[in-house]
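Please read each group of points alongside the display.

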Amino acid sequence: MTKERLERLSAAAGRLLAWTSLAMILCFGVAAASAITVKSQPPVDPASPVRIALKPLDFVPLLRGTAAIEQNDGTAEAVHGLLAEHRCLAQVMYYEARGEGEQGERAVAEVVFDRLAQGTHGDTLCDVVFEGAGKTFCQFTFACDGSMRRTKEPEAWRAAQVLAARLMVGELSQLNGIKGATNYHAAYVHPYWAQHFEKIAKIGNHIFYKAKTLSGPPG
């Protein structure tokens, strides 16, 4: 086996271990959702990792095996990055749809995932969520309008974090009728760009769109 192939296998194993660790951490958070407490925090760098306090802490000994991850700087960095991804996803769901219930928040998350899959909005969830922030304009309003400077509603923020965890570990399937959605707007506005997309769903107070399907040549 070549050195290059060994390096690729090692990197793949590291990523798998990172995902496994994230799944363990976030799944324990979901299992203890009723006991999650989230302290109000001032605005933070969107790349900073999520910190969720869980009570009781009986599950901590089960995570001791992950201490070895810290000995591998590359994998530890990957875990840190995945936790940052979790926070970005929770933020966009909270700020954009916290009043729309679980279905509304999941629909916003679907837009983020579909944009990520397109490959033209960034290479990570955080890239997609904060696209344009600090530059020209934001793809998601909350990233530019000062929303993050306001104190979060503890229960709504807790719910968004738990929902983001469930989505990231694959516990929840895709919402029906919203596959491929890459854009949305509040139902009370009429943006110019909507005519260029196909309307596919109205969930809560938001209308969702996907790219129009191009018709094939006549048979």
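Asp145 is found in the loop between helix 4 and helix 5. With a relative accessibility of 43%, Asp145 counts as partly exposed. From Asp145 to Ala133 the C-alpha to C-alpha distance is 10.0 Å, and the two residues are twelve apart in sequence.

**Confidence of the model**

- The protein has a mean pLDDT of 73, and 63% of its residues reach 70 or more.
- Residues 11-18 have a pLDDT below 50, and beyond near neighbours in sequence this stretch has seven contacts in the model.
- Residues 215-219 also have a pLDDT below 50, and beyond near neighbours in sequence this stretch has zero contacts in the model.
- Where pLDDT is low, the predicted coordinates should not be read in detail.

**Disulfides**

- A search of the whole structure finds two disulfides.
- Counting the bonded cysteines along the chain, the disulfides follow the pattern 1-2, 3-4.
- The disulfide of Cys88 and Cys126 is right-handed because the torsion about its S-S bond is about 100°.
- Cys88 and Cys126 are both buried.
- Another disulfide is formed by Cys138 and Cys144, whose sulfur atoms are 1.7 Å apart.
- The torsion about the S-S bond of Cys138 and Cys144 is about 60°, so this disulfide is right-handed.
- Cys138 is buried, since its relative accessible area is 15%, whereas Cys144 is partly exposed, with a relative accessible area of 46%.

**Helix 3**

- Helix 3 has 18 residues, which at 1.5 Å a residue should span 26 Å; the C-alpha atoms at its ends are 26 Å apart, so the two values agree.
- Buried residues of helix 3 include Gly104, Glu105, Ala107, Val108 and Ala109.
- Further along helix 3, the buried residues include Glu110, Val111, Val112, Asp114 and Arg115.
- Gly119 follows helix 3 and has a positive phi, near 80°.

**Glu105, a buried charged residue**

- Which helix holds Glu105? Glu105 lies in helix 3, which covers residues 101-118.
- Glu105 is buried yet has no salt bridge.
- The nearest side chain of opposite charge to Glu105 is that of Arg98, 7.6 Å away; a salt bridge would require a side-chain nitrogen within 4 Å of a carboxyl oxygen.
- Leaving aside residues up to four places away in sequence, Glu105 touches Met93, Ala97, Arg98, Ala160 and Leu163.

**Salt bridges**

- How many salt bridges does the structure hold? The structure holds four salt bridges, and among them are the pairs described below.
- Arg98, which Glu105 touches, forms a salt bridge with Glu153, the closest N and O atoms being 3.4 Å apart.
- Glu153 is in the loop between helix 4 and helix 5 (154-168), while Arg98 is in the loop between helix 2 and helix 3, so this pair ties together parts that are 55 residues apart in sequence.
- Both partners are partly exposed: the relative accessible area is 42% for Glu153 and 34% for Arg98.
- The side chains of Arg106 and Glu102 also meet in a salt bridge, at 3.9 Å from N to O.
- Arg106 and Glu102 both belong to helix 3 and are four residues apart, about one turn of the helix.
- Arg106 counts as buried because its relative accessibility is 10%, whereas Glu102 is partly exposed, with a relative accessible area of 39%.
- A salt bridge also links the side chains of Glu171 and Arg166, with an N to O distance of 3.0 Å.
- Glu171 is partly exposed, with a relative accessible area of 41%.

Notes
Residues are numbered from 1 along each chain as its sequence is written. Side-chain values use heavy atoms; hydrogens and water are left out. Helices (H or I, at least four residues) and strands (E, at least two) are DSSP runs, numbered from the N terminus. Buried means under 20% relative accessible area, exposed over 50%, partly exposed in between (1.4 Å probe, protein chains only). Lys and Arg count as positive and Asp and Glu as negative; His and the chain ends are not counted. Contact means heavy atoms within 4.5 Å. A disulfide is a pair of cysteine sulfur atoms within 2.5 Å. The expected span of a helix is 1.5 Å times one less than its number of residues. pLDDT is the predictor's confidence in each residue, from 0 to 100.
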